[in-house]
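Try each task before you read its solution.

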Amino acid sequence: MAIFMASTSSSSLNFNSLLSSSNHHSPSFAHQTLTPHLHFPRTPSFKHLGLKVNCSVKKIENMKIMISGAPASGKGTQCELITKKYGLVHIAAGDLLRAEIAEGTENGKRAKEYMEKGDLVPNEIVVMMVKDRLSQPDSVEKGWLLDGFPRSSSQATALQEFGFKPDLFILLDVPQDILVDRVVGRRLDPVSGKIYHLKYSPPESEEIAARLTQRFDDTEEKVKLRLETHNQNVESVLSLYQDIIVKVDGSADKDDVFAQIDKALAKLS
Ligand code: AP5
């Protein structure tokens, strides 16, 4: 069992102000007040964003991992592989939001307006959703794999305020031209939840092919908007986790991408 000791300090921040802040529309917020209060683990060092893991640390039993990357960089695909091997609870902000939309809740209706435009959904909807899921007994017991959250410095600060600190931050690095191709060819199996791609990861049978669905925001036009939003926010998030980031070449074959991630996780587990 291993623990990376995080230096924690209580922040004077009022969480209500985080909930009402509207993500990337308030960038100065992070740099003025929040950043100095954030203290993420200092070891191990993944500082140069390679896979050199500098671990003179104790092992971790229930790992807490964040995975980030541009739209269609392969977060969901890698999460399937990671959870299969490491048994972590996969918590995807986008999936939580789509579940609200499917249920027709007020939050879901509001969230869809933002998702249609490729914008970040406001914190007052998404932060509590993620916090509640992270607090469930299975996440606490097994550890978690947080996918697509935080996407702004205010979301990162909210997590910190609630006491959720990651051991490792995985960044999938994929060139922009590949991303559009991945998005338009992506299909989902509503029965198994598995992610397919018509070209790179086709369904195994005619039966599965017949039931595949496409996400409402998986068009070339919408992914460009999502990319813009991602590019506006990514640096502010990365700067908060720089000491625990491992940067992975996400343009490789999915098994090769997983091999890179596995190598980093194996050092922790
Ligand atoms: P979300 O659902 O998180 O979408 P996203 O970030 O755009 O990421 P994707 O799910 O599109 O892609 P992915 O990286 O998981 O790729 P995948 O593995 O499927 O968010 C949707 C929206 O919700 C946001 O736009 C926002 O509005 C809102 N939202 C979400 N989180 C929020 C937050 N924290 N705050 C506010 N709003 C939030 O792979 C894509 C395709 O590529 C697949 O077909 C797959 O088979 C293929 N593929 C994957 N890896 C490879 C590979 N190595 N080689 C070849 N093909 C591959």
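In the protein chain of 269 residues, buried residues make up 48%; buried means under 20% relative accessible area, exposed over 50%, and partly exposed in between, with a 1.4 Å probe and protein chains only. This is a predicted model, in which local features need pLDDT of at least 70 and side-chain atom pairs count only at pLDDT 80 or more, while totals for chains, interfaces and linings use all residues. Residues are numbered from 1 along each chain as its sequence is written, and side-chain values use heavy atoms, with hydrogens and water left out.

**Exercise 1.** Find the buried residues of helix 4 and work out how they are arranged around its axis.

*Solution.* 
- Step 1: Locate helix 4 at residues 93-103. Helices are DSSP runs of H or I with at least four residues, strands are runs of E with at least two, and both are numbered from the N terminus.
- Step 2: List the buried residues of helix 4, which are A93, G94, L97 and E100.
- Step 3: Look down the axis of helix 4: these buried residues fall within an arc of 120°, so they line one face of the helix. The arc is that of the directions from the helix axis to the C-beta atoms.
- Step 4: Recall that an α-helix has 3.6 residues a turn, so residues three or four places apart point the same way.
- Step 5: Turn to the other side of helix 4, where A102 and E103 are exposed.
- Step 6: See what covers the buried face: the cover includes strand 2 (89-92), helix 5, helix 6 (123-134) and strand 3 (144-147).

**Exercise 2.** Describe how helix 4 and helix 5 pack.

*Solution.* 
- Step 1: Helix 5 spans residues 106-117, and its axis lies 7 Å from that of helix 4, at an angle of about 120°. Axes are lines fitted to C-alpha atoms, for helices over the stretch in contact, and angles run from 0 to 180 degrees between N-to-C directions.
- Step 2: Helix 4 and helix 5 are therefore oblique to each other; angles under 35 degrees count as roughly parallel, over 145 as roughly antiparallel, 65 to 115 as roughly perpendicular and the rest as oblique.
- Step 3: Name the contact residues (heavy atoms within 4.5 Å): G94, L97, R98, E100 and I101 of helix 4 meet N107, G108, A111, K112 and M115 of helix 5.

**Exercise 3.** Is P166 buried or exposed?

*Solution.* 
- Step 1: With 0% relative accessibility, P166 counts as buried.
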